[in-house]
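Q: Let us read a two-chain model together, starting with confidence and ending with the interface.

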There are 2 protein chains.
Amino acid sequence: MANRMTTHISRGPYKPGRIREQSRDLILQAAEAEFACHGFRGATMQRIAESAQVPKANIHYYFSNKLGLYGAVLENTLNLWDTVFNELSSHDDPADVLGRYIDAKMNFSRTNPSASRLFAKEMISGAPHLSAYLQQDYRLWFKQRMSIFDCWIAQKKMDDLDPAHVIFMIWASTQYYADFEPQILIATDTQSQSEASYQQAANSIKHIILKGCGIG
Amino acid sequence: MANRMTTHISRGPYKPGRIREQSRDLILQAAEAEFACHGFRGATMQRIAESAQVPKANIHYYFSNKLGLYGAVLENTLNLWDTVFNELSSHDDPADVLGRYIDAKMNFSRTNPSASRLFAKEMISGAPHLSAYLQQDYRLWFKQRMSIFDCWIAQKKMDDLDPAHVIFMIWASTQYYADFEPQILIATDTQSQSEASYQQAANSIKHIILKGCGIG
DNA sequence: TCAATACTTGTCTATATAGTCAACTTTTCA
DNA sequence: TGAAAAGTTGACTATATAGACAAGTATTGA
């Protein structure tokens, strides 16, 4: 009421939902966790609503339907994914490039476990909602990165290995710490993975990958 | 009708469902694929029934309910899992032991992709139905296998690495070829993973792991 | 202050789903 | 051969779920 009087100060041109679209973010966050845990079919709009602490009907204001919500969540995830993937850039020193990339991937697993799990669930289900992404951006980028490895191999900077398998191994190893967390916690007898434990894991992976590829 | 006449030959003491329990196996097989693809909540009894080509009510004759069916599927999977895990046995030569183990794991991924995916989905969901297994058998066995590595390290047969990370890396890398198949197919521009391609992947993994751990 | 627009939400509906049940058919074994 | 047991199945029920909708409230810019 009191501050109503002060709102005559112009806030610039009108943008829909400038303030209350925080609801949208809450819903997206809750949806990411729900989809990551239960998959597309197993997730329910009701649980997402409860988790986001909004009425279920509110979700349908921001998202056309369950598939639309899932698509929005997936898009967010893929953007993050691409960002990290692009860290694998051309550079003279393979040890430097791969070391940084492994660190970046591990950091992603630690700070975005739900995104990693969502991606994994989608893949395991046959990637029914990712075909466009995989066919377009992914395919192209993958080939580009592979050529970097071919270059290193030609320059005798690393062993003659199929670059694809090296990449798969890095992806697999780093994502494992997010996706298979329950197994890791029990095997290592801990309650949660600390930042330090992630760093140790990253160091082990870097040691094995770099030495194993003959990079030094 | 005709062979009815010959059935007076004793077939030994009566065992429930000796013949028709093939339905049970059909259901289990269909359920494994359905649960692997959609997770526990996302799977439906109706689709399992259709896939197994039996009426839905028949499933409830063999399995108390959805959870019971899931438990049976999971138990099958874990038995297979243990069999492969136990191949990682004590032996003088780490190169030999790890090489065989990696081959065994890759072979498992190739021949039992659904089992691998089911296990992965369960883990990603927080392993709600695996706590007993993880707490008991798993924990114990994991520690035993770790001590083998410690022994090798003490004997300077491999680099001083945390054995847990080496194991995680082997698991991650080998399971990846089953769990992330869509990604692999698109990246490698193929329609399906052949036995030969699995062998090449196994060779790459063995190269990197063995050399990376200083085994050789 | 006001009308327009953005946003919220309780209630309702159609459908999908897990599970039940009783009638039915087939197999078993004495 | 026959009675008992194993196995099968169509029809049913209760519930959970995605989504629609209309009536409401809050915010905006003039």
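A: Begin with pLDDT, the predictor's confidence in each residue, from 0 to 100. This is a predicted model, in which local features need pLDDT of at least 70, side-chain atom pairs count only at pLDDT 80 or more, and totals for chains, interfaces and linings use all residues. Residues are numbered from 1 along each chain as its sequence is written, chains are lettered from A in the order in which they are written, and side-chain values use heavy atoms, without hydrogens and water.

Q: What is the mean pLDDT of chain A?

A: The mean is 90, and 91% of the residues of chain A reach 70 or more. Over residues 1-18 of chain A, pLDDT is below 50. Beyond near neighbours in sequence, that stretch has 3 contacts in the model (contact: heavy atoms within 4.5 Å). Where pLDDT is low, the predicted coordinates should not be read in detail.

Q: Which rotation superposes chain A on chain B?

A: Copies are superposed by least squares on C-alpha atoms of residues with pLDDT of at least 70 in both. Here the rotation is 180 degrees, with 0.0 Å of shift along its axis and an RMSD of 0.0 Å. That is the relation of a two-fold axis. The same surface serves both copies: 100% of the contact residues of chain A recur in chain B.

Q: How much area is buried between chain A and chain B?

A: Buried area is the accessible area (1.4 Å probe) that two parts lose on being put together, summed over both. Between chain A and chain B this is about 5,000 Å², and carbon and sulfur atoms give 67% of it. In contact are 53 residues of chain A and 53 residues of chain B.

Q: How many salt bridges are there between chain A and chain B?

A: Side chains of opposite charge can pair when their charged atoms come close. A salt bridge puts a side-chain nitrogen of Lys or Arg within 4 Å of a carboxyl oxygen of Asp or Glu. The count between the chains is 6. Asp189(B) and Arg139(A) form a salt bridge at 2.5 Å, N to O.

Q: How many salt bridges does the whole structure hold?

A: Over all chains, 16. Glu34(A) and Arg47(A) also form a salt bridge, at 2.9 Å, N to O.
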